[in-house]
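This briefing concerns the structure shown below.

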Number of protein chains: 2
Amino acid sequence: MSVEASPAVHGPAASDVTGAVVDVDIHENMPNLKVLLPYMEPQWQRHITDYGWAGVRSDYPYWPPTAGTGGIRMDAHPDTGGPAGSDLGLMRAQLLDRHDIGMGVLTGQHHFSGMRGWYEFAAAVASAYNDWQIEHWLERDPRLRGSVQIACQEPEAAAREIDRVGGHPRMVQVFLPMITHMPPVGDSFYRPVLDAMQRNGLQLALHVGQATKTPFGYHRYYVEWHSALPQAGMSELISLIFNGTFERYPELNVLLLEVGFTWVPHLMSRLDQQYRELRVEVPWVKRLPSEYLRERVKVTTQPMEQMSLHQLHKYLELMETDEMICFSSDYPHFDFDAPERVVPAGLPEDVKRKIMRENALSFYGVGA
Amino acid sequence: MSVEASPAVHGPAASDVTGAVVDVDIHENMPNLKVLLPYMEPQWQRHITDYGWAGVRSDYPYWPPTAGTGGIRMDAHPDTGGPAGSDLGLMRAQLLDRHDIGMGVLTGQHHFSGMRGWYEFAAAVASAYNDWQIEHWLERDPRLRGSVQIACQEPEAAAREIDRVGGHPRMVQVFLPMITHMPPVGDSFYRPVLDAMQRNGLQLALHVGQATKTPFGYHRYYVEWHSALPQAGMSELISLIFNGTFERYPELNVLLLEVGFTWVPHLMSRLDQQYRELRVEVPWVKRLPSEYLRERVKVTTQPMEQMSLHQLHKYLELMETDEMICFSSDYPHFDFDAPERVVPAGLPEDVKRKIMRENALSFYGVGA
């Protein structure tokens with residue numbers, strides 16, 4: 001598949017996004033790996049057809065909350081068979097149509113960047129997924145936007161994949177899982193990837209996954225690991241800020257997925273204090289960390305923590321902005337958040353509109 | 001040295017603590033390792049006298065902010081020679097006397113629990129440090145309290161050390177570094193240690209150190225690593241809560257040192273939400289995580305983040321308690337916080353008194 005590059009034109013004007021909601025995290029859209037075969041060369045195909053490759057492995061434990069169900073909404077399994085989330089029609093009915101979602105960003109599945117060894121194969125599968133995603137999802141519903149999947153283990157090769165499909169008008173971001181056995185994303189290792197993102201007008205989406213560990217690994221129980229996931233998000237931002245990434249890439253914005261937002265005031269306060277104390281070590285950082293966070297980073301609601309209107313206001317006041325938080329549903333996962341219930345009642349309409357729609361449109365430059 | 005066990009009597013009544021301030025984190029008190037020789041058997045001594053053992057090693061990087069100075073206050077070096085913090089007289093003059101500190105808790109140095117291999121030697125050095133600490137510091141200034149140092153790699157042996165010195169009336173807690181290459185502290189591995197703490201009426205103090213990593217290891221720059229240190233503290237608390245440690249040990253309270261406090265509202269909110277969603281996995285957890293945090297955990301000011309009175313109030317309101325935060329100076333480290341400047345001006349006197357003194361007294365059961 002050849003895609004003509006058209007940087008900085010990704011999708012329609014804001015007025016063309018008709019629904020009230022933008023959902024930036026919809027995943028699990030593949031019915032099975034065989035759908036990728038038409039987009040792969042024979043040398044790679046046989047690992048799916050004959051040798052039984054079943055996806056990226058990790059040392060993720062057997063944990064009851066996800067072991068049986070895969071951690072998904074049981075009602076999202078299509079009647080026609082296949083895993084939850086894999087039927088475009090059912091997803092539209094359960095998510096886009098039902099919740100008045102005018103734009104939804106696919107975040108895929110199988111975190112190819114987390115594969116250990118044989119990176120060429122990881123890259124081939126990521127590439128096939130991109131082509132399949134464009135043909136079978138992006139071009140079948142105008143509300144959908146795509147994430148470029150890469151195998152970041154070889155940044156130069158990943159950059160070529162970004163150049164290959166990143167110009168598609170419905171591709172809005174490059175997807176990177178937070179992979180704690182690799183360097184954090186501000187490390188110079190990733191420069192070819194970030195260079196390619198910038199020249200294709202794409203943003204960076206960081207998402208937790210099975211390759212995301214805490215300082216103590218996976219801990220003992222799923223609830224521990226799942227509770228600690230925001231830490232990897234904080235570390236990625238720490239890395240981006242202190243390595244000067246926001247200075248080097250003035251167009252780069254970053255979206256953190258599936259790690260909530262209540263930690264943002266802490267991170268702003270802590271990093272500003274550390275910067276004041278230790279900035280001599282990182283002279284390439286030109287501004288207070290909280291300023292980069294406010295201007296260049298978006299965080300997402302899912303999993304929405306139960307809070308009163310009063311508490312949400314306090315978090316927003318401590319963040320000193322209501323332009324960082326974007327709604328995300330995490331469909332079709334078990335902890336899906338319905339847009340109607342995500343913010344507490346009584347939130348002023350303009351703030352609600354920012355969280356449910358405008359902050360995401362602004363992040364993707366839609367209507368800018 | 002033999003110490004008579006007297007559980008639950010650790011130090012004086014609150015009225016005997018005359019200064020306005022309690023400082024729960026004073027370290028680096030050893031002039032050199034040779035001071036430990038009188039407390040060690042010959043088989044261990046020779047590793048200091050002849051073989052040049054110089055302290056617990058880690059793979060901590062060479063980092064400019066700590067490489068030259070060791071990360072300490074240059075004015076804390078005694079005129080008599082020896083490293084900063086190692087002279088009781090100078091420490092008294094610079095810290096206890098100057099800042100009206102009525103009680104100061106020594107948190108030691110050399111994190112023996114972080115040593116890899118040869119745990120018997122680590123235990124011998126920890127044990128010698130305990131005896132030296134009692135004789136040369138605790139018994140020379142009535143304002144000082146001690147931390148039992150252990151080598152937790154062998155929990156049964158560590159428990160015996162806690163029984164040996166934990167009954168000393170000036171010992172108030174067991175010190176554990178946050179060691180991310182070991183299980184987090186709620187893991188059943190540590191039960192012999194926690195059993196011993198409970199029977200000796202001691203609390204648990206967790207402190208960051210060179211063996212504390214983030215999900216991505218050390219990162220590239222010191223400021224990154226140092227910014228991310230609170231994550232290990234969050235993970236330790238997550239582990240304690242979801243492993244049911246607070247239910248199993250009803251007398252156990254936990255103090256987190258050198259990781260600040262602005263992350264506490266986030267952790268409360270996140271853990272309550274995760275508990276509501278996933279509590280089926282951990283039926284031994286009987287209450288909301290935020291309740292354990294409010295009632296059983298103290299956090300500390302150092303390194304104090306710059307904040308307005310208004311912002312501090314917001315953090316306290318989100319925590320729904322003003323009884324979690326304790327003042328700590330981190331003397332003699334470079335980022336020492338002076339008690340006079342740690343809380344913003346205008347904080348109500350009763351709240352200030354809690355932070356500067358009463359919360360710590362309550363944690364140690366002084367005057368209870």
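Which residues are linked with A:Arg92 in a network of salt bridges? A:Asp97, A:Asp141 and A:Arg143 are linked with A:Arg92 in that network, a salt bridge being a side-chain nitrogen of Lys or Arg within 4 Å of a carboxyl oxygen of Asp or Glu. The model is predicted, so local features need pLDDT of at least 70 and side-chain atom pairs count only at pLDDT 80 or more, while totals for chains, interfaces and linings use all residues. Residues are numbered from 1 along each chain as its sequence is written, chains are lettered from A in the order in which they are written, and side-chain values use heavy atoms, without hydrogens and water.

**Symmetry**
- Chain A is superposed on chain B by a rotation of 180° with 0.0 Å of shift along its axis (RMSD 0.0 Å), using least squares on the C-alpha atoms of residues with pLDDT of at least 70 in both.
- This is the relation of a two-fold axis.
- A:Pro215 comes closest to the rotation axis of the residues of chain A, its C-alpha lying at 2.1 Å.

**Recorded domain**
- An unreviewed UniProt entry lists residues 74-365 of chain A as "domain: Amidohydrolase-related"; such annotations may be inferred rather than shown by experiment.

**Helix H5 of chain B**
- Helix H5 (residues 155-165) has the buried residues B:Pro155, B:Ala158, B:Ala159, B:Glu161, B:Ile162 and B:Val165; buried means under 20% relative accessible area, exposed over 50% and partly exposed in between (1.4 Å probe, protein chains only).
- These residues cover an arc of only 160° around the axis, which puts them on the same side of H5(B); the arc is taken from the directions from the helix axis to the C-beta atoms.
- On the face turned away from the buried side, H5(B) carries the exposed residues B:Glu156 and B:Arg160.

**A:Gln203**
- A:Gln203 belongs to strand S5 (residues 203-207) of chain A and is buried, at 10% relative accessible area.
- Its side chain reaches the backbone nitrogen of A:Asn253 at 2.9 Å, and a polar atom of that side chain lies 3.3 Å from the backbone oxygen of A:Phe363.

**Salt bridges**
- Over all chains, the structure holds 32 salt bridges.
- One of them joins A:Arg220 to B:Asp187, with the closest N and O atoms 3.3 Å apart.
- This pair crosses between chains, from the loop between S5 and helix H7 (222-228) of chain A to the loop between S4 and H6 of chain B.
- A:Arg220 is partly exposed at 38% relative accessibility, whereas B:Asp187 is buried at 18%.

Methods. Helix = DSSP H or I, 4+ residues; strand = E, 2+ residues; numbered from the N terminus. Polar contact = N/O pair within 3.5 Å; in protein donor to acceptor, adjacent residues only side chain to side chain.
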